[in-house]
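Biologist: I would like to learn how to read side-chain contacts. Can you take me through them one kind at a time?

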Amino acid sequence: MKTIHTAPLEVLSTRSNGSFTTEPHEAGWADEALAVAYVREVAGPAPVLVLRAQISADGARWFDHPASPLHLRQPGGASLVLSHFGNWLRLAGEVSGGPPDGAAACVIDLYWVLKG
Amino acid sequence: MNDSPPSFRQALLRADPRFSRYNPLERILHFDDFNTGLHGWQGYFPDYDGWEDYPGRYQPVDSVMQSVEKARHDAAMRVDRKLPFGPRAVPMLSSLTSWDVGSAGGLTGAYALKVPTLPLAGSKVFAQKRLGSPWRGKFRVETWFCFKADASDFQLGETDIRALYLTFDVMDLHHVQATGQPPRRWWPALRYHNAEGGQLVRRWQANIGSEGVKDGPWEYLADGNQDLGYNRAATKYQWNYLRFTFDLARYEYVDFHCHGKEFDVRGRRHDPLPPLQGWRAGTDKCPGLIGTGFGIEAANNKRCYLYLDGVVISATES
């Protein structure tokens with residue numbers, strides 16, 4: 001039987017315009033990784049959250065995984081599907097179009113769903 | 001070395017490489033080998049109501065949204081009151097992989113359970129599992145562990161780790177009421193105070209009088225000094241053995257051993273000060289719970305890691 005594990009990276013997380021990364025996660029045991037993003041709320045003139053998967057050999061030096069990034073503009077769920085990622089994983093997010101006063105542009109939940 | 005020949009049971013355990021590093025009591029309840037999964041060790045969060053179907057609900061517990069609002073204005077909120085909203089560090093299966101030596105693996109295989117902190121001074125993270133015993137005897141937890149600070153700055157990082165934790169939330173089985181005794185709740189726990197203010201402390205503490213098991217206050221053990229192996233490089237992992245036993249019927253600590261040193265905890269107990277009130281003192285909904293947590297706390301704005309190679313839980317029937 002395979003092992004499956006869902007790791008919550010951010011829950012009820014408020015993000016305003018700017019960039020962020022999730023905490024490094026080791027998933028070398030898994031054959032597949034789904035980055036699942038739920039947008040609970042959005043605010044601002046044209047809010048968009050761009051999420052990229054990043055990988056690393058050592059957990060310190062990161063670069064983009066070839067998977068196409070997600071563009072999230074409204075409440076709902078979406079996923080990034082990864083199959084060749086080695087061991088270290090994280091998500092890099094870029095928020096824009098939110099309230100210009102620095103208030104939250106979105107409230108999000110992010111997970112790794114790992115199976116292998 | 002004991003000169004008397006081992007019993008048949010001892011001989012079996014000592015000849016089995018899964019258990020020969022451990023000293024389980026007569027009933028082995030769990031053997032959590034992290035080469036085969038996380039075995040239910042998950043991130044810790046305190047109670048929140050989240051629902052309205054519980055008429056006697058604990059008043060100090062806020063709803064999720066109340067807690068979110070409070071925490072936005074109180075960065076120093078106690079970890080045993082704070083819900084894990086926002087970015088979090090969570091337990092994971094680690095291959096102990098770094099830039100210089102690659103994958104070290106666990107002590108006995110490819111993986112160990114890693115409990116990471118956020119890169120934030122005071123960040124305190126636990127791997128938690130809600131255990132229990134059907135017997136009111138002794139309860140023992142054993143593990144092989146190591147701890148390191150993040151190696152990405154190439155610094156040793158030993159003083160970046162404030163503390164290691166082994167905490168319990170213990171509630172009586174409810175049939176003790178038949179003896180005329182109200183069910184009790186208590187929190188046996190240990191803390192290795194590793195460093196403070198850039199200086200090594202390296203003393204063990206026990207939970208004797210706190211009213212919050214994950215936040216103290218803690219009492220230093222009189223014989224609590226111990227230089228645990230950390231090793232001389234940021235990516236060299238050195239493993240230590242730990243055994244802790246307490247008595248579910250006597251509400252007492254029985255023994256505590258860490259990598260070659262036996263500490264004098266026999267007969268010590270946890271009596272909350274001030275006494276727990278209302279729901280916190282009660283055992284409603286959780287009879288027989290032995291909530292077990294392994295944790296680590298960062299002293300500086302740097303990730304710190306506690307690694308467990310395996311966990312063995314055992315008990316006696318009386």
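**Reading side-chain contacts**

Modeller: Start with the ground rules. This is a predicted model, where local features need pLDDT of at least 70, side-chain atom pairs count only at pLDDT 80 or more, and totals for chains, interfaces and linings use all residues. Residues are numbered from 1 along each chain as its sequence is written, chains are lettered from A and ligands numbered from 1 in the order in which they are written, and side-chain values use heavy atoms, with hydrogens and water left out.

Biologist: How many salt bridges does a search of the whole structure find?

Modeller: First the idea. Side chains of opposite charge can pair when their charged atoms come close. The criterion is a side-chain nitrogen of Lys or Arg within 4 Å of a carboxyl oxygen of Asp or Glu. Over all chains, the search finds 24. One of them joins Lys124(B) to Asp215(B), with the closest N and O atoms 3.0 Å apart. Lys124(B) is in strand S8 (residues 124–132), while Asp215(B) is in the loop between strands S13 (199–206) and S14 (219–225), 91 residues apart. Strands here are DSSP runs (E, at least two residues; helices are H or I, at least four), numbered from the N terminus.

Biologist: Which residues are linked in a network of salt bridges?

Modeller: Arg140(B), Arg243(B), Asp255(B) and Glu262(B). Take Asp255(B) and Arg140(B), which meet at 3.1 Å, N to O. Asp255(B) lies in strand S16 (residues 252–258) and Arg140(B) in strand S9 (residues 138–149), so the pair ties together parts 115 residues apart in sequence. Asp255(B) is buried at 12%, and Arg140(B) is buried at 10%.

Biologist: Which residues touch the most other members of the largest nonpolar core?

Modeller: In soluble globular proteins, nonpolar side chains tend to be buried together. A core is a set of buried Ala, Val, Leu, Ile, Met, Phe, Trp, Tyr and Cys residues joined through side-chain atoms within 4.5 Å. The largest has 80 residues, and Trp112(A), Phe139(B), Trp204(B) and Phe256(B) touch the most other members. Strand S19 (residues 304–315) of chain B gives the largest share, 6 residues. A second, separate core of 13 residues includes Leu13(B), Cys146(B), Trp239(B) and Tyr241(B).

Biologist: How many aromatic pairs are there over all chains?

Modeller: A pair is described by the distance of the centres and the angle of the planes. Rings of Phe, Tyr and Trp (its six-membered ring) pair if their centres lie within 6.5 Å; planes under 30 degrees apart are stacked, over 60 edge-to-face, the rest tilted. The search finds 26. Phe147(B) and Tyr230(B) have centres 5.5 Å apart and planes at 55 degrees, so they are tilted. Phe147(B) is buried at 1%, as is Tyr230(B) at 2%. Tyr237(B) and Tyr307(B) also have centres 5.5 Å apart, but their planes are at 80 degrees, so this pair is edge-to-face.

Biologist: Where does the charged end of Lys114(B) sit?

Modeller: A charge sits over a ring if NZ of Lys or CZ of Arg is within 6 Å of the ring centre and within 35 degrees of the ring normal. Lys114(B) sits over Tyr305(B), 4.5 Å from the ring centre. Lys148(B) lies over the face of Tyr230(B), at 3.9 Å.

Terms used: Buried means under 20% relative accessible area, exposed over 50%, partly exposed in between (1.4 Å probe, protein chains only).
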